[in-house]
Each structure stands twice: as structure tokens, then as C-alpha cells.
Amino acid sequence: MAVSRDHLSCSKRYYVNCLCLLLRSIKHSVQSYAVILLIIGQNISILEMTMENTRTIILLSLAGYLLLVKGITVINTWSFTDATKSAFDVLANSKHHPGDVNNVLDAIVAGCNRCEIDQCDHTVGYGASPDTNGETTLDAMILDGTYKQMGAVGQLRRVKAAIKVARAVLHYSAHSILVGDGALQFAKVMGFQEESLTTSFSETLFRNWQHAKCQPNYFRNVYLQNSSCPPYRPIAYDGDMQSHPAEDTASQSLVAESNHDTIGIVVLDSHGNMGAGTSSNGANHKIAGRVGDATIPGAGAYVDSKIGGAAATGDGDIMMRFLPSSQAVQHMANGFHPRVACHKALSSIGAIYPNFKGGLVCLNRFGEYAGVGYGWNFTFSVQTSEMLTPRICGEVVCGNCTLKKEADLPVIGRSLVRVCMSCILSQASKQTNFAATPSTNSSGSLPLDDKKWEPHTSHSLMPKSDSLIQSASDFEQKDFTYTLDFGWDHPWPKPPIPPFELERLDALSSFEIMDTPNEDVFDIICDLASNALKCPIAAISLLAEDREWFKASVGLAQNEIPRSVSFCAHAIMTKEPLIVSDTLADKRFVKNPLVTGAAKIRFYAAAPICTSKGYLLGTVFVFDTVPRTHCDVATLEKLSNVTMKNLEDRRCVLDQMARDRSHIRATGNQHSEPNQSQPPPLEQPSPCVDRIAEIKGTSVAIPSNAVVSNQSENAEISAGPKMESMLMDLLCRTTQTQQQLATQQGAMFTKLGRHSADIDKLASAVARMEAKLSALTDDDTE
């Protein structure tokens, strides 16, 4: 069968166009394919990828995205678990069509109204927080994150269900906020009952305040403010008046955990719809007419179903100036985890108002959540589809949730659930506590009472000779060398600042370790510390400017705490280990919320993580809930040394990969021939390999005389050094494996760069071919 020349030209043109389109698609997707190749660990040539591969990758990516989407999540400020459960139950048993945003709004109303009825902590609902006239008024807001609808009421008088009135504003008016008598009139038109919000409790609060000459109060720059009740006469403005509320100690004392104003709630349904709401009876003894942040979108709460939501509590008059809820949502939109988003939003306020007290709960569209407090101990309540009941979180050590254990759940069957820390520790206390009542001394374990250790003394248990066991004369009783500063709002001392703090923070930043995902090698170190010292809690902590972040931990539900309550802030004041045998006998920690709160920490031991230049980045530490008389500090110091070496190896690998990427970019820009390109840096001997060899050669071995035991227990305890050596060797092998993976990744990056250059050349050749075919077709047409 004869084929015409015109038909052949069209076929070629069609083929060339398809080929060019395919090549352009591949060319623009090289970087995406590189990431996918590194994830799946397959060295597949770019030129071998077909459009079928592309469709498969797209489907897998979509499936991965869908797996990220969580089920129902409800989170609210403070430990108002009944409100959490009410909201969750409404979402779980929705009466509207699945996916209807009214399900979310119903849940918000149910949660907030539960607190209004229960008068949660007397900071929500009727009968508390009287204003300067002795009257209770309410603020409430409800936000729809899908269609950007809202309704709010401020200074609402004589109606108890403030959140329901806010919902009515959303549905039955074109306005967003109604306040004062106008809000009351609207509520009456909508059928709400008018009734007094005053109770005997609120009357007593008001009378006591008057008897105290109305102290403290929220007035400023008026005569007799600190010695009488209103009305006051304003002081004529002369340019020197107090204008910074952070300096107003009278009003600041009104903002405390017993007067935290607001329930803020954020919900996510199984269809991705989100909403947020608030309800509050405002600040105690507020000036009559005051509208709080619970009414202001972006301050009290904010939500966007495409991103996430946040709700706030605390000093509303300061918070509404910064719109922290809106800030937190914007941070989540920029890719930050909810915890980091909350932290950033609150830190921006604290930078200007250092005495500020507040808290934020944040929830993103994937169901990830967090709560962060500033200036006080902040708690929040949360329930997800994976939880049978709400949980209270947010204390320095999570109050009710910590470790994952297997359990038989109704309907679900056997599954991993988070178990109450108190339950675990109370159960453990019923068993024999080997660390509390030892019969022998083990590796580096010295009896604190026999050696006359003081709870406030720092000592090093590293041997001065070949033996790890030392006499009492090796240790002197001496106080810590820094001064404790109690000049702030908390009963425990301020965390001390070590010398050269800025340089120390720069050194920490150079390791690029903060807020990174879990890594097996550090998890293993924590397991070793917990098992070796028989402590339920162990962690690798790194001290940033305002927080203590845990790279790895055992027995902790949170991955960071404020530096203001950190034990390790004291530990990094010396390069020697810090041992606190009983926190109740140490004036640095006796009033610390870690000791007085739900965590009930009684024993602390830490070994600092020290760089080669002498900067202390953090510690490897252990906690226990009972005092100790023995502590294996030698092992703790070994683990801190291994941690430091792994941090150095990690930084070495990151630097090497950065050089590889720079080399690939340079090679790709020059379009150099593969056989002319310089070998990648990873093919050169790496300093990381030497460091790994150093770990294997020096830090693994443990002296055979490190264990001292009696005859009856020798067989059991003498196996300790051998097991520890094996585990230390495992750490080194893990580090070496990481180095090998990094080498393979670097080689793959190089190959991808060469493929990219080949594709560019092939695309140019195809373009020339297309131009020739076009010219040939044009000649035929003429």
C-alpha cells in the first residue's frame, strides 16, 4: 500500500510533537522524580520512565495525601473535657447530610454551650466575672472555615446561651458582630429568654472587690486608681504617662490561671470542613462596656478549612492587638507544624509584652494539633477518632497521655492506644524499684547518701583512675556557682543564662537539628538511658533561646517545654553531670511545675552534650517520680558523648550533601559531557568515615571492672557491659549505615544531574529535527 508524502510528513510531525511534549514533561519533572527515587530507593533511569509511570506516581501521591487526612478532631483550650466530648459526639452522630458545614457549627455550639451551662472554672457562662457595675456580660463567636461565615456577640447582657446567639447572628443577619443592648434586643427577637446572669458567687466577687477598694483594676492614668473605687478623674496628658500595659502590675495580676477568660474550640470533621468558636464572660472586674478578644475574628479564634484553625485564651486586651489566631493559621499555611505555628504567634506578643500570659490551640487540616502556653502552665483538651475519650494535654509532662500500648478496643479490636502516665507510674511503683533500693553498686553507681551528696551539688562520676568506683573523698560538697534569681512572677527561680549564650545558640543552630523528625540512632540512645538507669523518663534535650526541645524521648508525650521550667537550663551551667537526688530538697526545683504538677518529678540526672569548642547544646537526662540513692552517671556521660558524635556526623553528612547539590547544579548549568564531568565529592574520602571509626574505636568499649556485684547477683549483672557494648556498637553501625545511604543518595543525585543534561541535549536535537521537518513540509506545500 502506497503512502503519500504528505501523509508521511504529517505522521512525522505528529510523532515529533508528541516526542517534544513528552521530553518537556520529563525535563520539568526531573526534580520531582529525584525525590521519588530517593524515597523508593530505586535507581531508575529518567529515560526509562513512561507516561504510565507518571500516572502511577500521581495516583500513589493522591493516595498518600488521602491517608494524611484524619477523621474527626476536636480541640479546645483548658481541661474542659465535657465540652470536648459534647462537640465530638455531635460530629460523630451528625444529624445533617455528611459533609454539611452545619455539622461543624452544631459541634461548636454544643461544646461552647456545655461550658456555658457548667460555668467552666467560672470563666465561661453566667454568674462570674462581674464588671465594675457588678454585672456579668458575655462574649461569643462562631466561625465557618469553609464558606467564611461568622457570627459574634459582645457585652451580651441577660442571655445565658451566648454561643447560640452568635450562631443566630450568623444565620439570621447580614452582620458579623452585635454588641451591648443591640445584641440583647436581637436575641429577644430570635426567641431567647431574658434573665439575670448574676449569682451569689458573682455578687460575692463584686463585694469583696469593693471592700478591697476596687483593687486591682483595669484603669490607668487616673487619680486615686490604687486607693479607691471608680469613678476616677483622668490625669491630664503630659507626654510622660504610662502607655505600656506590660508595666501595669495591677491589671496584670488579674490575668491568671483562675481568670483565663475563654473556651476556644476548633473542630475538623471527616470531610475536611473546619470551624472554630469561643465563649467567655470576659475579664474579672473589667470596665463596664469592655468587649474582649473572644468576639474578634483572628484574635479569639480563626479558621480556614484549606489550612487549619486556632483559638486563643489569656490576656485578651493584648492578644487582640496581634491577632494571634490569624497569625498561627498563616504560619500553618506556610508549612509549619501546629506546635511551631502556635509558638511563633505567641512569641511575637511576648517579644513586646514580656509579662503577657496566653495560650493557643492549633489544628491543621490533616488533623495534626498542638497547644502552647506563654507565661503560665497551659492545658488543653482534645479528642480524635482514635480516642475513646477526651484527653487533657499541655502540662510540662502531659497530664493524661503518654506512651503507646496495645489494647483491645471495642469495634476496632487490638490496637495501639496512648495510656495514662499516672497509671503506668502508679503500676510501676507497686513493683520492685531496683534503682531506689539497690543491693549492690553497678557501673558508676555510687550511693548518694554514703558519699554525702547534696541535692544541689554537681558532680562528675567519670573516673580519675582506671576504676569507676571512687571514695567519698573524691567528691566535695559545694554549692552551685551561679546566683538564683527569684525576681519574676513564678515561685521557682528564673532559668540561668550560661556565659557566651549567643555563641552557644549559634553553635546549636549550626547543627540544623531543631524540629527535625525522629531518627533511630537518637531513639536508641534514649532507650539505653531509660533501661540502664531504670528510669521511666529519658530524653535528649536541646536548649534553644526560649524552649527545651526533645530530639528523642521515652515516657514524654510532648516534644518541647518552655525553657522557663527546664531543669536542663541549670544542667548546662556546668560541663559536669547534674544529679538531683530529691527535687523537694533542692531550692532550684522544689517549686517547679514539673515537681508540683501532674508529672511529680522527684529525681533528675543529666549529662551535658558538649561540642569540641566547649559549648553545651543540651543534655541526655532521666527523670523518675521517686527519689534516688544511686545513679549510673558514667553510662549517662557515655551516652551524651555518643549523642554529640552522632550530631557531628549528621552535620558532616548534611554539609556533604549540600556540596553535592551545588556540584550538580554547577554541572547542569554548564551542560558538560558526562565523561568530562568532575567526580562528585562523595566519591572522595569523607571525614565522616573517620569520625565513625573514631566512635567504634574509642567510645564503645566499657572496662571489665565497671561492674561490682556480690556473688549471688554476679551472673545477672555482669552481662551488663557486654550488652551495653553491643548496643553502643549498634549505634556506630547505625551511623555508618546513615553515611552509606548518604553516599548512595549523592551518587543518585549525580546520575540525575547527568540525565538532566542528556535530556536537554536530546530536546535540542529533537527541536532541530522538528525545524527540519517543518521546513520540508513547507517546501512540499509550495
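**Entry 1: strand 20**

I looked up strand 20 (residues 616-624) and found it mostly covered, with nine of its nine residues buried. Buried means under 20% relative accessible area, exposed over 50% and partly exposed in between, with a 1.4 Å probe and protein chains only. Helices (H or I, at least four residues) and strands (E, at least two) are DSSP runs, numbered from the N terminus.

This is a predicted model, in which local features need pLDDT of at least 70 and side-chain atom pairs count only at pLDDT 80 or more, while totals for chains, interfaces and linings use all residues. Residues are numbered from 1 along each chain as its sequence is written, and side-chain values use heavy atoms, with hydrogens and water left out.

I then noted the partners of strand 20. Strand 15 (residues 537-543) pairs with strand 20 in the antiparallel sense over six bridges; two strands pair if DSSP finds at least two bridges between them. Gly 618 in strand 20 is the bridge partner of Leu 542. Strand 19 (residues 603-610) also pairs with strand 20 in the antiparallel sense, over eight bridges. Here Ala 605 stands opposite Val 622 in strand 20. The hairpin of strand 19 and strand 20 has five residues between the strands, and Gly 614 takes a positive phi near 95° in this hairpin.

**Entry 2: the protein as a whole**

I recorded 21 helices and 20 strands in the protein. Of its 782 residues, 49% count as buried. Among contacts with a separation of 6 or more, 65% come from residues 24 or more positions apart. Contact means heavy atoms within 4.5 Å.

I traced an open sheet of eight strands in the order 4-3-2-6-5-1-11-12, with mixed pairing. Strand 4 (177-179) and strand 12 (391-393) stand at the edges with a single partner strand each, so one side of each has no neighbour in the sheet. From one strand to the next, the twist averages 15°. Within this order, strand 1 (residues 73-77) and strand 5 pair in the antiparallel sense over four bridges, and Thr 73 stands opposite Leu 268 in strand 5.

Next I looked for helices on these strands. Helix 4 (residues 81-92) lies across strand 1, strand 5, strand 11 (380-384) and strand 12, and runs at about 25° to strand 11. Axes are lines fitted to C-alpha atoms, for helices over the stretch in contact, and angles run from 0 to 180 degrees between N-to-C directions. Helix 6 lies across strand 2 (138-144), strand 3 (149-156), strand 4 and strand 6 (274-280), at about 135° to strand 3.

Is helix 6 mostly covered or mostly open? I found it mostly covered, with eight of its eleven residues buried. Among the buried residues are Ala 162, Ile 163, Arg 167 and Leu 170. Their cover includes helix 5, strand 2, strand 3, strand 4, helix 7 (180-189) and strand 6.

Helix 5 (residues 101-118) and helix 6 (residues 162-172) pack at an angle of about 155°, with their axes 8 Å apart. The two helices are therefore roughly antiparallel to each other; angles under 35 degrees count as roughly parallel, over 145 as roughly antiparallel, 65 to 115 as roughly perpendicular and the rest as oblique. The residues making the contact include Leu 105, Ile 108 and Val 109 of helix 5 and Ile 163, Arg 167 and Leu 170 of helix 6.

**Entry 3: Thr 262**

I checked the UniProt record, an unreviewed entry, which lists Thr 262 for "active site". UniProt positions are given in the numbering used here, feature names are shortened, and annotations may be inferred rather than shown by experiment. Thr 262 is found in strand 5 (residues 262-268) and is buried, with a relative accessible area of 1%. Leaving out residues up to four places away in sequence, Thr 262 touches residues including Thr 77, Trp 78, Ser 280 and Asp 293.

I traced an open sheet of four strands in the order 7-8-9-10, with antiparallel pairing. Strand 7 (301-304) and strand 10 (369-374) stand at its edges, each with a single partner strand. The twist averages 10° from one strand to the next. Four bridges join strand 7 to strand 8 (residues 308-314), and Val 303 stands opposite Gly 309 in strand 8. Helix 11 (residues 324-333) lies across strand 7, strand 8 and strand 9 (358-364), at about 145° to strand 8.
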